[in-house]
Amino acid sequence: MPVQPMMMPPVIMDQREIPGGMARHTPYMSQPDVRVHELNKRLQQRSEDSDNLWWDAFATEFFEDDATLTLSFCLEDGPKRYTIGRVLIPRYFRSIFEGGVTDLYYMLKTPKESFHNTTVTLDCDQAMMVTHHGKPMFTKVVTEGRLIIEFTFDDLTRIRSWHFATRQHRELIPRSVIAMQQDPAMVEQLSKNITRQGLTNYTLNFLRLCVILEPMQELMSRHKAYGLTPRDCLKTTLFQKWQRIVSPPAGGYARNKTDKKMSETTRQPTKKRKRKGSTASNNTAPPKNKRSPAPANFNLGSTIPGDVMVVGEPTLMGGDFGDEDERLITRLENQLAEQASQNSQLSDVKAGMPQDQFRNSPLSQNSPWAPKQSPSHSVEDIKPSLTQTPSSSS
């Protein structure tokens, strides 16, 4: 009896097909260690004629637009930590080769990968940066440390952050080179290190310069965009940072408002407000169109105090902001208020308004809660004389 072939389940392929009837696989992201291997291959393709465009293309292929590169090591004067941004990353790799290095690659042993929502982190505790030097003698420098790389979880798999912490380094010289040297002074010179923690002096000077150049990137871009002088760029940058700290903008309106002021190279002179003195004559009165309607039972004498506190303008509005942002408060004696208070009390007596409803107030002197004082002339003494004047005339 013939043996029937066993039926195999169909292989489920991606539904997307390319012209020709062949199905293609679902695109997948590259492994982080594979991306490091591709970075090494691209560095080996470098030539002596590689210009800034080649290095910018190299950084664009392997690093995100907001990527950062951090180096940590310990020198003779203490630990150092340098962090540079995306603009200076291609210049960092270029400074390594300009310092006398002919070859550069990274070796990873037992790296660990951890996946997150949008990133993939590669952590290698036994990473090595290997550089070959041709001058003054062929030397192989092996820098050991910990390398932590954070990749974006997408098809490009570009680097978002790069942190290499150096532990130690070794400089290896061929034995044949030492055997050929008969001069003890030459042998002693070959025994000296040509790098400091695996980095040449050219690269170290570049990192020190990055400490100054990195904060100035905003000033340089502002000068290029608006054509301001360096001093004006610094003033506007510091003012915007101070403004964001004091009152962070709720939306984009405040940022657009400050951007319009960046084109002004000179500060407008501040106009100080002048207040008229309160000791003016009684004939002068404020214009009627600025008065607000008062309520029916409004007593001017009971609301205006004897002293008026005048608050001056802050120094910040004048442009000189700093530690002395205080308002000057002065006290002025208001003689007009005291006269108005006495006149209002006499007018209330003439109008025949009852005074008993205010007598029991804790603030009045005739209230039961107030301490007893010696008898003195008051408004009540004037009231009978004023009420008897019309009856005598009639």
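Guide: Before anything else, a residue is called buried when its relative accessible area is under 20%, exposed when it is over 50%, and partly exposed in between, judged with a 1.4 Å probe and with protein chains only as cover. What you see is a predicted model, in which local features need pLDDT of at least 70 and side-chain atom pairs count only at pLDDT 80 or more, while totals for chains, interfaces and linings use all residues. Residues are numbered from 1 along each chain as its sequence is written, and side-chain values use heavy atoms, with hydrogens and water left out.

Visitor: How many helices and strands does the chain have?

Guide: Helices (H or I, at least four residues) and strands (E, at least two) are DSSP runs, numbered from the N terminus. Read in that way, the chain has 12 helices and nine strands. Of its 394 residues, 26% are buried.

Visitor: Which residues of helix H3 are buried, and what do they pack against?

Guide: Helix H3 spans residues 89–98, and it is largely enclosed by the rest of the structure because seven of its 10 residues are buried. These are Ile89, Pro90, Tyr92, Phe93, Ser95, Ile96 and Phe97. Packing is read from contacts, where a contact means heavy atoms within 4.5 Å. The buried residues of H3 pack against helices H1, H2 and H6, and also against strand S1 (63–75), strand S2 (78–84) and strand S3 (101–109). On the scale of the chain, among contacts between residues at least 6 apart in sequence, 55% join residues at least 24 apart.

Visitor: How many salt bridges are there?

Guide: The general idea is that side chains of opposite charge can pair when their charged atoms come close. Here a salt bridge is a side-chain nitrogen of Lys or Arg within 4 Å of a carboxyl oxygen of Asp or Glu, and by this rule the count comes to 10.

Visitor: Which residues other than glycine have a positive phi, and where do they lie?

Guide: Most residues other than glycine have a negative phi, and most peptide bonds are trans. Thr110, in the loop between S3 and strand S4 (112–115), has a positive phi near 50°, and Thr110 is exposed, with a relative accessible area of 64%. Gln197, in the loop between helix H5 (184–190) and H6, has a positive phi near 55°, but Gln197 is buried, at 19%. As for glycine, Gly100, which follows H3, has a positive phi near 110°.

Visitor: Which residues make the nonpolar surface patch?

Guide: Patches are made of residues with over 30% relative accessible area and no salt bridge, like charges being joined within 9 Å and nonpolar side chains (Val, Leu, Ile, Met, Phe, Trp, Tyr) within 5 Å. Leu209, Val211, Ile212, Met216 and Met220 make a nonpolar patch of about 430 Å². Helix H6 (residues 201–213) gives the largest share, three residues, while Met220 is found in helix H7 (residues 217–226) and is partly exposed at 38%.

Visitor: Which residues form the negative patch?

Guide: Asp and Glu count as negative and Lys and Arg as positive, His and the chain ends not being counted; the place of a charge is taken as NZ of Lys, CZ of Arg, CG of Asp or CD of Glu. Glu48, Asp49, Asp51 and Asp56 form the negative patch. Asp49 is found in the loop between helix H1 (32–44) and helix H2 (52–62), and Asp49 is exposed at 70%.

Terms used:
Areas by Shrake-Rupley, 256 points an atom, 1.4 Å probe, with all protein chains shown as cover.
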